[in-house]
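This report describes selected features of one protein model. The sequence and structure are shown first, and the description follows.

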Amino acid sequence: MTIPLSVILSVWNDEKHIAQTIESILKQTFADFEFIIINDGSTDKTQTILDGYRARERRIKLINLPARSGLTKALNQGLALAEGQFIARHDSGDLSSPERFEEQLEYLKRNQNIAACFSWAGVISDDEISLGEFVFNHRPRTIKRRLLKANNIFIHGSVMMRRDALNAVDGYDDAIKASQDFDLWLRMLKAGFFIGAVPKILYYWRLDPLSISISKGKKQDFYRNMALNRYYQLPDDALEQSKVSEQESDDATARLQRYYLNLFWRVRNKQQYLASFKYLWKKNLITSRDILKAFLIISPFDYRYLLRYF
């Protein structure tokens with residue numbers, strides 16, 4: 001019997017959150033799916049947690065890799081095992097709303113010209129405090145325009161794709177060690193596929209300084225530019241990425257701080273505003289200088305509101 005949906009999750013050393021992530025997937029209102037988990041050489045208690053879930057959940061297929069291979073290769077191993085007509089991604093540590101799969105499947109069935117769809121996403125802290133939202137124009141033409149400007153604000157873990165479209169572009173490219181999602185979207189666009197989104201918050205991205213892709217700094221930029229070069233048929237740079245120097249590491253740290261500060265100003269209500277500020281300040285991701293600069297661009301109402309908490 002044909003499986004409608006395959007869910008693919010790669011995990012590495014996430015004993016703290018992996019059970020919560022798995023529970024959010026198993027409690028989906030659409031339940032007819034296989035759940036492929038790739039344990040990418042974890043050295044903490046992740047393996048034990050995954051073994052427990054596999055023993056009691058028939059939908060789970062577990063792949064245990066002996067050593068860490070990286071996200072791209074781990075995802076391709078999962079895809080090789082997948083049998084679903086549709087492929088849903090999920091990142092470890094993140095959460096999905098119970099209706100996510102149901103809503104994305106309905107969207108893809110209504111829009112036969114769409115090969116992949118994201119959803120809007122909420123941003124949560126380590127202890128599930130709401131910090132902000134990723135809300136964007138969901139129209140395919142606008143999404144294409146943003147991607148071609150290297151404006152990839154779309155959360156990789158929120159995507160659902162048609163299997164035949166993924167096969168048509170040969171899945172993820174093992175040569176792309178970072179920005180693998182951005183490279184895949186560009187290759188889909190170049191092949192003539194359309195990408196859309198469900199304009200609802202169906203996914204929750206956990207803000208973690210140790211795991212977010214932007215902390216990869218120069219490496220992230222290198223592979224993003226390679227993907228753009230391929231799209232526009234420009235010569236590729238060398239595939240080998242040199243070691244990051246101390247100066248480049250400093251640049252990456254500054255980039256990370258700017259990223260968090262920009263996220264801070266995405267908040268949409270007073271509760272998120274204060275929660276975001278407290279979280280980023282506690283994690284030393286924004287400074288008093290950052291706040292002073294921000295005072296020059298925010299509205300007087302927000303300015304007065306924030307001052308109440310100093």
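A nonpolar core is a set of buried Ala, Val, Leu, Ile, Met, Phe, Trp, Tyr and Cys residues joined through side-chain atoms within 4.5 Å, where buried means under 20% relative accessible area, exposed means over 50%, and partly exposed lies in between (1.4 Å probe, protein chains only). The model is predicted: local features need pLDDT of at least 70, side-chain atom pairs count only at pLDDT 80 or more, and totals for chains, interfaces and linings use all residues. Residues are numbered from 1 along each chain as its sequence is written, and side-chain values use heavy atoms, with hydrogens and water left out.

**Nonpolar cores**

In the largest nonpolar core there are 34 residues, and those with the most contacts inside it are Leu 147, Met 161 and Trp 185. Among the elements that give two or more residues to this core are β2 (33-40), β6 (114-124), α7 (180-190) and α8 (218-231). The greatest contribution is that of α7, with 6 residues. Helices (H or I, at least four residues) and strands (E, at least two) are DSSP runs, numbered from the N terminus. Beyond its neighbours within four places in sequence, Trp 185 is in contact (heavy atoms within 4.5 Å) with Phe 118, Leu 147, Asn 152, His 156, Val 159, Met 161 and Ile 195. A second, separate core has 27 residues, including Val 7, Leu 50, Ile 114 and Val 198. In soluble globular proteins, nonpolar side chains tend to be buried together.

**Arg 206**

Arg 206 belongs to strand β9 (residues 194-206) and is buried, at a relative accessible area of 5%. A polar contact is a pair of N or O atoms within 3.5 Å; within protein, one must be able to donate a hydrogen and the other to accept it, and residues adjacent in sequence count only if both atoms are side-chain atoms. The table gives two backbone oxygens reached by the side chain of Arg 206.

| Backbone oxygen | Distance to Arg 206 side chain |
|---|---|
| Gly 93 | 2.6 Å |
| Ser 125 | 3.4 Å |

Not counting residues up to four places away in sequence, Arg 206 also touches others, among them His 17, Gln 20, Asp 94, Asp 126, Asp 127 and Glu 128.

**Positive phi values**

Most residues other than glycine have a negative phi. Asn 13, in the loop between β1 (3-11) and α1 (18-26), has a positive phi near 50 degrees. Asn 13 is partly exposed, with a relative accessible area of 27%. Ala 150 has a positive phi near 60 degrees and sits in the loop between α5 (140-148) and β8 (160-162). Ala 150 is also partly exposed, at 25% relative accessibility.
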